[in-house]
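Welcome! Let us take a walk through this structure together, starting where its two parts meet.

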Amino acid sequence: MKVAVTRPLPDAGLQLLRDHYDVHIYGAQPGSRFDEAGLIDVAHDAAALLTVLSDPVTEHVLASCPSLKVVAQFAVGYDNIDVAAAHRLGIVVTNTPGVLTDATADFAFALLLAVARRLREADRYVRDGRFQRWETMELLGMELAGKTLGIVGMGRIGQAMARRALGFGMRVVYHNRHRVNPTDEYRLGARRVELEELLATSDVISLHCPLNDDSRHLIDAAAFAQMKPSALLINTARGPVVDEAALVEALREGRLAGAGLDVFEREPEVHPGLLDHPRVVLAPHLGSATVEARTAMARMCSEAIHAVLSGADDVPYRVA
Ligand code: GLV
């Protein structure tokens with residue numbers, strides 16, 4: 001049986017598939033991405049498709065791959081997959097929750113620190129030869145202790161972010177559809193608030209929600225208008241949660257002090273207004289980019305595919 005893998009992945013995580021199936025790995029050329037036709041081309045004769053978040057796994061793609069039994073997404077988010085269509089067509093969909101929680105929260109916190117302490121400007125300052133003496137009034141940043149972190153989306157990664165914030169002496173408020181269980185709330189010192197209160201009171205706002213119809217452009221011009229002008233925005237979730245044009249406008253007009261962005265509205269395109277702003281730190285979607293997380297993610301995809309193709313009763317990491 002053929003397993004089509006749309007990008008090169010850590011080899012250690014693919015051994016299970018290599019032992020049992022005819023594994024085809026695509027997408028090795030730098031910058032190459034699949035569109036619908038390309039995906040159909042590689043998956044039309046495959047029993048399993050191992051996908052990344054830029055692969056458009058639409059109903060058309062799924063319906064054009066008659067042998068397909070499982071789509072294993074190499075990510076925790078799966079907004080690129082038409083899960084309802086997969087369900088209708090009897091195709092299992094799986095993802096990789098849990099193993100990238102700490103990696104992603106680490107990266108969100110790295111962006112937070114980088115923006116708060118102006119690391120990008122500081123690095124440039126030294127490289128440009130401007131470090132002539134120890135300065136008393138240059139590059140002053142924002143201290144984290146005592147500040148409020150507003151977390152939008154209090155799932156695994158949001159809670160891991162809250163744990164880090166606690167270690168830095170921050171107060172944590174969160175907005176989430178459901179209240180997290182009171183024991184965890186107590187442990188994290190986190191309080192659930194309405195989005196309006198979070199926007200108005202947070203010094204740093206960090207996004208950790210999935211992308212869906214409710215969260216698309218959740219952070220828009222009206223949201224920026226409610227934030228403190230000194231606030232910082234961190235996004236390691238999905239680009240379209242933020243209206244990027246409104247973000248650029250808010251930064252230009254000084255209605256937001258800075259942003260740390262790992263994801264973009266039209267990835268891999270980046271709004272030109274973000275490229276030259278001194279208090280914006282950018283990264284190419286690196287949240288889960290550790291050797292440990294990426295190897296574990298590949299292993300989870302392999303286990304899920306093997307479970308489906310070998311007819312196991314239980315398929316791990318199943319979302320549909
Ligand atoms: C990455 O963005 C993921 O969803 O795992």
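Between domain 1 and domain 2 there is one salt bridge, meaning a side-chain nitrogen of Lys or Arg within 4 Å of a carboxyl oxygen of Asp or Glu. The side chains that form a salt bridge are those of Asp79 and Arg238, at 2.9 Å from N to O. Before going on, please keep in mind that this is a predicted model, where local features need pLDDT of at least 70 and side-chain atom pairs count only at pLDDT 80 or more, while totals for chains, interfaces and linings use all residues. Residues are numbered from 1 along each chain as its sequence is written, and side-chain values use heavy atoms, with hydrogens and water left out.

Where are the two domains? Domain 1 covers 2-99 + 290-309 and domain 2 covers 101-282, with bounds that come from an automatic or database domain assignment. Their C-alpha centres lie 31 Å apart. Where they touch, 10 residues of domain 1 are in contact with eight residues of domain 2, contact being heavy atoms within 4.5 Å. Together the domains bury about 680 Å², 51% of it on carbon and sulfur atoms; this is the accessible area (1.4 Å probe) that two parts lose on being put together, summed over both.

On a 1 Å grid over the protein atoms alone, a cavity is a set of points where a 1.4 Å probe fits but cannot get out, whereas a pocket is an open set with protein on both sides within 12 Å along at least five of seven lines; lining residues have an atom within 4 Å of a point. Grid points are joined across faces, edges and corners, and a volume is the space filled by probe spheres set on the points.

The second largest pocket holds about 150 Å³ of space. Among the residues that line this pocket are Tyr125, Phe131, Arg133 and Trp134. There is also one cavity of 30 Å³ or more. The largest cavity has about 40 Å³ of space, and its lining includes Asn235, Val242, Glu244 and Phe264.
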